[in-house]
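Here are my notes for a first look at this entry. Please read them with the structure open.

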Amino acid sequence: MKKYLTGILMAVALFTMALPQKVSAAGNSIQLEPTGKQVSVKLTLPSASGEKISSLQLRLRISSCQSAEFNFDTAITNKAVVSEARFHQENAGGILNIYIAGTKPLYDGVETLTLGNAVIETSGSSVVSVNQGDVQIVRGTKVEALDEVSAETTIGTDSGGFPVGPGGDSTGTVTPSPTPEPTETVTPSVTPEPTEPTGTPEPTITPPPGPSGTPEDTSRLSAPKAPKLTNQKSGIAVKWQKVSKASGYHVYRKTVNSKWKKIATVKGNNKVTYADKSVKNKNGVRYYYSIQAYNSKTVSAYNKIGKRIVRMTAPSLTKPVSKSSGKALVKWERNKKAAGYQIEYSTSSQFKNSNIAQVKSGKRTSKTLTGLKKGKNYYFRIRSYKKVGETVYRSAWSGKKKAKIK
């Protein structure tokens with residue numbers, strides 16, 4: 001084990017500190033295969049299977065994009081100790097850095113390794129490229145830059161969306177019974193969220209024509225704005241603004257790799273909330289929600305990108321213990337999908353004038369709080385969080401615990 005950990009540390013250090021040596025390896029190639037707004041990324045190294053390549057770094061340069069995420073192939077996640085991707089915005093585009101590090105050979109009897117899929121958010125066509133010097137590998141303890149590897153491809157705009165009517169028919173007539181999952185292809189692109197989830201401008205795209213060739217009448221209904229999403233103990237709360245002349249709303253949901261599916265019909269113009277309890281135990285899963293308004297004859301346009309949230313569950317908090325003057329030891333059960341935690345504490349059971357302690361590691365399960373008032377009763381609660389890009393997604397607060405401070 002010590003030998004493996006040493007290898008991992010050396011690989012990470014070499015990526016961040018060492019000056020790579022350029023080598024010539026004929027036949028090296030990168031394959032970028034676009035599908036909608038996803039790009040499958042494969043790296044071919046003809047002699048790699050016998051050279052014990054355990055780690056690599058790849059930089060994808062993306063023009064005219066708003067954000068990008070990378071979903072690693074299961075073959076990578078099963079072998080690598082570290083598999084991480086980070087997107088950095090640069091002017092109108094950005095760079096997606098992909099890091100893979102481990103102790104076992106990544107190329108085990110193969111020459112072409114599927115790294116995963118890049119999910120790119122763009123308002124139009126975008127060029128994805130890998131230039132010379134953008135790929136580095138570790139053979140043993142030696143870092144090598146593959147300056148002969150280069151590729152370029154273009155991804156187009158999305159062509160998918162919801163069904164043409166709220167029931168999937170061509171007339172747009174509202175049907176109260178559940179409808180089948182939309183059959184049109186919707187790309188798993190990601191909505192950029194630089195601020196609190198107050199909603200982004202919605203596209204005013206008319207759903208495609210039905211079999212009769214007559215477009216859906218959407219002239220009398222505005223498209224609902226992106227909903228506000230909140231993690232609650234029972235699931236995810238979805239809230240949106242009401243639309244004039246609407247008699248109800250359809251709630252749609254998808255994941256990164258699934259199609260849009262209508263999960264609920266909310267009847268009434270003023271009913272603008274829905275509690276998705278079916279995702280209560282889906283900790284760490286990214287979901288996208290979108291709302292479609294309808295009345296007796298028409299449906300609205302829709303947001304085909306949707307609003308993103310990461311389902312986060314609250315940790316289980318044990319009773320805090322005060323072992324010394326002005327201090328309290330707080331312990332909780334680890335949330336394996338969390339990047340960190342927030343502990344709220346106050347002398348008020350309603351958490352008035354409370355303080356919040358930050359725990360910036362998802363692996364930690366305890367923290368000692370100091371500066372508390374002696375002899376006072378304190379109330380404590382905790383929540384987990386995860387950061388995606390610049391947006392932080394938090395769980396609901398746990399149940400509160402009480403402790404008297406020595």
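**Notes on the predicted model**

1. The protein chain has a mean pLDDT of 78, and 76% of its residues reach 70 or more. pLDDT is the predictor's confidence in each residue, from 0 to 100. Residues 12–26 fall below 50, and this stretch has 27 contacts in the model beyond near neighbours in sequence. A contact means heavy atoms within 4.5 Å. Residues 158–219 also stay under 50; there the model has 149 contacts beyond four places in sequence. Where pLDDT is low, the predicted coordinates should not be read in detail.

2. A word on conventions. This is a predicted model, so local features need pLDDT of at least 70 and side-chain atom pairs count only at 80 or more, while totals for chains, interfaces and linings use all residues. Residues are numbered from 1 along each chain as its sequence is written, and side-chain values use heavy atoms, with hydrogens and water left out.

3. Next, the cores. The largest nonpolar core holds 39 residues, of which Tyr 289 and Phe 380 touch the most other members. A second, separate core has 35 residues, including Val 41 and Phe 70. Such a core is a set of buried Ala, Val, Leu, Ile, Met, Phe, Trp, Tyr and Cys residues joined through side-chain atoms within 4.5 Å. Buried means under 20% relative accessible area, exposed over 50%, partly exposed in between (1.4 Å probe, protein chains only).

4. Look at His 250, in strand E15 (residues 248–255). Strands are DSSP runs of E, at least two residues, numbered from the N terminus. His 250 counts as buried because its relative accessibility is 0%. Its side chain makes a polar contact with the side chain of Thr 265, at 3.1 Å. A polar contact is a pair of N or O atoms within 3.5 Å; within protein, one must be able to donate a hydrogen and the other to accept it, and residues adjacent in sequence count only if both atoms are side-chain atoms.

5. Follow E15 to its partner. Eight bridges join E15 to E18, and the two run antiparallel. Two strands pair if DSSP finds at least two bridges between them. His 250 stands opposite Gln 292 in E18. Strand E18 (residues 286–294) is mostly covered, with eight of its nine residues buried. E18 also pairs with strand E19 (residues 307–310), antiparallel, over four bridges. There, Tyr 288 has Arg 308 of E19 as its bridge partner.

6. Finally, an open sheet. Its three strands lie in the order E13-E14-E17, with antiparallel pairing. The edge strands, E13 (228–232) and E17 (273–276), each pair on one side only.
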